[in-house]
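Q: I have a structure open and have never looked at it before. Can you walk me through it?

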Amino acid sequence: QPLAIKETLKIPQSFIDRCASLLDNGFYMTGSGTSYHACLSASYAVSRRLGMDTRAVLSSEFVDAVADLEGKTVVAVSQSGETADTLGAIKHAKSKGAKILGITNTLGSSLTRLSDAYLCTQSGPEIGVAATKTFITQLTALDMLALRLGLRRGALSESAYASDMSALRKLPKLVAHQLEGADRVKTLSMRYAGRKDAFFLGRGINVATAMEGALKLKEISYIHAEGYAAGESKHGPISLVEPGFLCVFIAPKDSTRGKIIGNVMEMKARGAYILSLITQGDRELEDVSDDYVEVPEVEEGIYPMLCTVPLQLFAYYIATIRGLDPDKPRNLAKSVTVL
Ligand code: M6R
């Protein structure tokens, strides 16, 4: 992953700027599965950093969910560039007068051919069915795009842009460091490998991180996992919680931290077992959690990438402890070319 991110960061700024110029008049984002989670994450980043709204829409729902396409751009994200739902969404969008900016890991894919412009993440081939390094490079590329758009729109000053880019450039090292801590996640995974269910909870941009953590766990370990916005528990899901129920909180020190502590307490009060992803040295969250994994303190927008790594490792170790091949989950194909 560090190498893949490093390569993606080499995409020339002038090229990113040309892609960002397609977004000036408003845009939607679309993708499926993990690629949709990248879109969702980016939509939060765009609203927080740029004060601009964009919608992340599941490709399989796009035709029914989006009406206003004339003169807009659709950012279509797909590792393979061959996902039928995503291609269907962009064909529809094109027919309604939208432009397409493709973000893919596969040069020469159908997505690159159908797009007005495309940006290739530089992950190298990804063989395992579960998207891992391609997710992190999608987040990286989308962040680069969002920052450039921020600069174009005047939402970011030159110095804010430079400082955000320099935070992003530290990512390969930070991810390498996170991977060195894999043993801790392995030890924790041994404790949880026999679970039947888990909630993955986050707020703000880390709702997408939580959804991705849950998807990784369910697709390769076959443990039922739900990822959703932590504030939603009280509207229904909390009734499933009984003593010992596993709740994984994505709780780094960002603008949502205060509220997420409240969500941890509400689950704890029902006897849930709390595993938290926290910023290094966050004693308060350490104390209220049964287990925790630390990530270093970084700029708010970098947490989703960093928190994703332990979640991927968690799914990987649990799958292998359960005797499953994490690269070949049942019923799934690397590229889903049917509608
Ligand atoms: O190739 P794509 O990024 O378009 O694929 C989209 C999804 O099928 C894919 O992300 C799927 O959810 C993965 N199995 C997730 O690990």
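This is a predicted model: local features need pLDDT of at least 70, side-chain atom pairs count only at pLDDT 80 or more; totals for chains, interfaces and linings use all residues.

## A first look at the chain

Q: How many helices and strands does the protein chain have?
A: There are 14 helices and 10 strands in the protein chain.

Q: What is the radius of gyration, and what would a compact globule have?
A: The radius of gyration of the protein chain is 19 Å. A compact globule with 339 residues would be near 20 Å, so the value agrees with that. The C-alpha atoms fill a box of roughly 55 × 45 × 40 Å along the principal axes.

Q: What share of the residues count as buried?
A: Of the 339 residues in the protein chain, 58% count as buried.

Q: And contacts: what share comes from residues 24 or more positions apart?
A: Counting contacts with a separation of 6 or more, 74% are between residues 24 or more positions apart.

Q: Charges next. How many positive and negative side chains are there?
A: The protein chain has 38 positive and 37 negative side chains. The centres of the two sets lie 3 Å apart.

Q: Switching to rings. How many aromatic pairs does the structure hold?
A: It holds six aromatic pairs. One of them is Y192 with Y273, an edge-to-face pair at 5.8 Å centre to centre, with 70 degrees between the planes.

Q: Where do Y192 and Y273 lie?
A: Y192 is in helix 10 (residues 182-192), while Y273 is in strand 9 (residues 273-279). The pair therefore ties together parts that are 81 residues apart in sequence.

Q: Is Y192 buried or exposed?
A: Y192 counts as buried, because its relative accessibility is 1% and the cut-off for buried is under 20%. Y273 is partly exposed, at 23%.

Q: Which other aromatic pair is edge-to-face?
A: Y316 and Y317 form one, at 5.1 Å centre to centre and 65 degrees between the planes. Y316 is partly exposed, with a relative accessible area of 38%, whereas Y317 is buried at 12%.

Q: Back to the earlier pair. Which residues do ring pairs link into a cluster?
A: Y192, Y273 and F314 are linked into a cluster by ring pairs.

Q: New topic: where is L101?
A: L101 sits in strand 4 (residues 99-104). Its relative accessible area is 0%, so L101 is buried.

Q: Which residues is L101 in contact with, leaving aside neighbours within four places in sequence?
A: Among them are C19, L22 and L23, then T73, V74, V75 and A76, and also S115, A117, Y118 and L145.

Q: What separates the C-alpha atoms of L101 and A230?
A: They are separated by 32 Å, and the two residues are 129 residues apart along the chain.

Note on methods: Residues are numbered from 1 along each chain as its sequence is written. Side-chain values use heavy atoms; hydrogens and water are left out. Helices (H or I, at least four residues) and strands (E, at least two) are DSSP runs, numbered from the N terminus. The radius of gyration is taken over C-alpha atoms; the globule rule is 2.2 Å times the number of residues to the power 0.38. Buried means under 20% relative accessible area, exposed over 50%, partly exposed in between (1.4 Å probe, protein chains only). Contact means heavy atoms within 4.5 Å. Lys and Arg count as positive and Asp and Glu as negative; His and the chain ends are not counted. The place of a charge is taken as NZ of Lys, CZ of Arg, CG of Asp or CD of Glu. Rings of Phe, Tyr and Trp (its six-membered ring) pair if their centres lie within 6.5 Å; planes under 30 degrees apart count as stacked, over 60 as edge-to-face and the rest as tilted.
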